[in-house]
Amino acid sequence: MNRRLFLSTASALLLAVFAAPSAIAAGDIAPGFAEASAAGVPVLVHVTAPWCEVCQAQKPVVAKLVGKGDFASMRKFDIDFDSQKDVLRKLKVQSQSTMVLFKNGKEIDRSVGVSDPAKIEAFLREAL
């Protein structure tokens, strides 16, 4: 009897999780993402977590580059690894410290766990 109850509860839970409507519109992973992509500007999606040391090392490097100089037109969208699981599924991101780069609305590259400033800058240049 316990096995049957477990299976029916698990089935109901899975159905509720996967059948629930996403809080994000199709093609839009964050407010303003669809507009930036449609405008053709380079877009960086940065997936971070407050407890992630690599993320904390990436943040000042990205902040120094995005929106300034050669990267003045680039838009950045921050995604929280712990609370925005729907976005992670949509982007197929499995790890914090992930940077996903878009150009003309299409993903062109992604980087995971890189904190070296020169490598981050080279990665972002791919979208220019």
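Q: Two strands pair if DSSP finds at least two bridges between them, so which residue in E2 stands opposite Leu 44?
A: In this predicted model, where local features need pLDDT of at least 70, side-chain atom pairs count only at pLDDT 80 or more, and totals for chains, interfaces and linings use all residues, Leu 44 stands opposite Lys 76 in E2. Residues are numbered from 1 along each chain as its sequence is written, and side-chain values use heavy atoms, without hydrogens or water.

Q: How do you know that strand E1 and E2 pair?
A: Strand E1 (residues 43-48) and E2 share 6 bridges in the parallel sense, and at least two are required, so the two strands count as a pair.

Q: What makes E2 and E4 the edge strands?
A: The open sheet has 4 strands in the order E2-E1-E3-E4, with mixed pairing, and strand E2 (75-80) and strand E4 (106-112) each pair on one side only.

Q: Why are helices H3 and H5 called oblique to each other?
A: The axes of helix H3 (residues 53-65) and helix H5 (residues 117-125), which are lines fitted to C-alpha atoms over the stretch in contact, with angles running from 0 to 180 degrees between N-to-C directions, come within 10 Å and cross at roughly 50°. Angles under 35 degrees are roughly parallel, over 145 roughly antiparallel, 65 to 115 roughly perpendicular and the rest oblique, so H3 and H5 are oblique.

Q: What makes H3 and H5 partners in contact, and which residues meet?
A: Contact means heavy atoms within 4.5 Å, and Gln 58, Val 61, Val 62 and Leu 65 in H3 meet Pro 117, Ile 120, Glu 121 and Leu 124 in H5.

Q: Why does the pair of Arg 125 and Asp 70 count as a salt bridge?
A: The closest N and O atoms of Arg 125 and Asp 70 are 2.9 Å apart, and a side-chain nitrogen of Lys or Arg within 4 Å of a carboxyl oxygen of Asp or Glu is enough, so the pair qualifies.
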